[in-house]
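Subject: Handover of the structure, with notes

Dear colleague,

I am passing this structure on to you, and my notes on what was found in it follow below. Please read them with the model open beside you.

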Amino acid sequence: MSHPTVPPFEAVFLFGRERITRELLYTEFEAILDGFIPIPDFAGTSVKAAYVQIGPTLAVTGLVFFLVSFDEQGMVDRRWNVPLQQLLGSAGTGPDMGAGAVRLVCYSQCPVAWHQKNLWDPSMQVGNNSFIAIRDAIKTNRLGFVVKSTKPPVERSSREAIAPHHSKEDVAREQAALEQRLHDYYSAELAKQVEQLTKEQSLHIATLMSQKQARLHSLQQEHQQRVLAYQQKLQQLVQDNQDLSDRNKILKDTLDTQAAKVEGMREYFAHKLKAAQQGESSQLQLMQENFALELDAKIRAATAELREMLDMREVELFYRHQNESTLKEEIVQLKQDNQQLLKNSGDQLLGRLVKAGVNLVTFLPGLGEVAIPLDDIGVYLEDPSAYAARKAGVSESVYLAWLAHHQLPCCNAVDARGKACNRGIPIIETPLEFHPGESDRCAQHQSVALGLVADSRR
């Protein structure tokens, strides 16, 4: 006799510090998504959650591990759009949680690539296993699911299965047949358990690999930022050194000119003094005093002129910096106004598309397919390269340099005659691994560049 298909129970579990902190019916979670119920405890945070489908015997049949962000009022971010039930419809398999292998969607096992960033991998460590925590919470049944009791069929013992009046040969044959059936049954069960254990270990390995990749990505981004900071600092030091050299040269030329003038005046007054030595001693004394006064006045005038020139230069630089700061603030304000206009002009249509489940996806070199949130459309349209660079975790100049290298992987080193090397080099696949001045050079010119950097540091 066939039984009608019973729809599964649906629940959403919210995690905090790797533990389940709140259990919700799916209808309650939908009310939170619609903005009717806030959760102040999660205001301004991104929370790990799990969408769970449960069978009539309280055995888990499907899991989606997803991320959900809350605003400052405790409401779900209106840009959040993860089709939980649709993802579960095309999910892979996971561990056995009481009703066979569950359907599982997580970061390492996502059927739709552009939703992967909104998922997370469950913990499978001893003492902190997300699957065990969910199973235990469902067994507690704090959400009040109605459970249908099932009674396992009563199996007859081997003695009852053997007719008491059979001959010894019949009994031996039936015992051998029973042993063979038991052997086949337990062999099949063991094969299923081995297959399930293999799937669970594969999932565990995949989660560990995704965690390792996330850590590696973080380290690569940190390394890229440090290398860029060192390069900028080196460029600044080289520029400061050049400025000091130029200023020293100007001051040296000015000092040489003033020294020549002083020497000429000294010779002039020395000649006058020598000519006046034949006169009276009083006149000689007077001329000596005049000489000293005039020489001191000339030196003070020259010094004052130099100080005035330096003060004017500093004032000019100060006003120039102020004008640059004002212009930069105006540019930022204009960009924000432009982005706001773009957002308001198409907000209603795009909002309806997003609510209907339509995602705006574009292909960015080095990143692949990227879903663009509604609030980021203006930023992307204004400057796609800057948007791609920010998504890749590098500066725009590094991203553009990587894009040129990816389109034409050749050495960009230029010799003293201005001729480019143009030797073929390996392609750097991601912007995060690309270092301008190093990754776009062949092995020969990389060693030359490293030698120049070492010499400049000494």
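Strands here are DSSP runs of E with at least two residues, helices are runs of H or I with at least four residues, and both are numbered from the N terminus; two strands count as paired if DSSP finds at least two bridges between them.

Before going on, please note that this is a predicted model, in which local features need pLDDT of at least 70 and side-chain atom pairs count only at pLDDT 80 or more, while totals for chains, interfaces and linings use all residues. Residues are numbered from 1 along each chain as its sequence is written, and side-chain values use heavy atoms, with hydrogens and water left out.

E18, found in the loop between β1 and β2, has a positive phi of about 65 degrees although it is not a glycine. With a relative accessible area of 36%, E18 is partly exposed, where buried means under 20%, exposed means over 50% and partly exposed lies in between (1.4 Å probe, protein chains only).

For the chain as a whole, there are 10 helices and 10 strands, and 24% of the 458 residues count as buried. Among the contacts (heavy atoms within 4.5 Å) with a separation of 6 or more, 58% are between residues 24 or more positions apart. The chain exposes about 31,400 Å², of which carbon and sulfur atoms supply 55%; accessible areas come from the Shrake-Rupley method with a 1.4 Å probe, and for residues only the protein chains shown count as cover.

On the surface, L182, Y185 and Y186 form a nonpolar patch with about 350 Å² of accessible area together. Patches are made of residues with over 30% relative accessible area and no salt bridge, with nonpolar side chains (Val, Leu, Ile, Met, Phe, Trp, Tyr) joined within 5 Å and like charges within 9 Å; a salt bridge is a side-chain nitrogen of Lys or Arg within 4 Å of a carboxyl oxygen of Asp or Glu. Y186 is found in helix α5 (residues 168-276) and is exposed, with a relative accessible area of 54%.

Further along, helix α8 (residues 384-392) has Y387, A388, A389 and A392 buried, and their cover includes β9 (361-364), α7 (377-382) and α9 (396-407). Just after α8, G393 takes a positive phi of about 85 degrees.

The loop between α9 and α10 (443-457) holds N422, which has a positive phi of about 60 degrees although it is not a glycine. S439 is found in the loop between α9 and α10 as well, and S439 is buried, with a relative accessible area of 11%. Not counting residues up to four places away in sequence, S439 touches H405, I425, I428, E433, F434 and Q446.

Finally, the cysteines: the structure holds zero disulfides, a disulfide being a pair of cysteine sulfur atoms within 2.5 Å. The sulfur of C411 is 3.7 Å from the closest cysteine sulfur, in C442, which is too far for a bond. C421 is in no disulfide either, as the nearest cysteine sulfur, that of C411, is 3.8 Å away. C411 is buried, with a relative accessible area of 0%, whereas C421 is partly exposed, at 24%.
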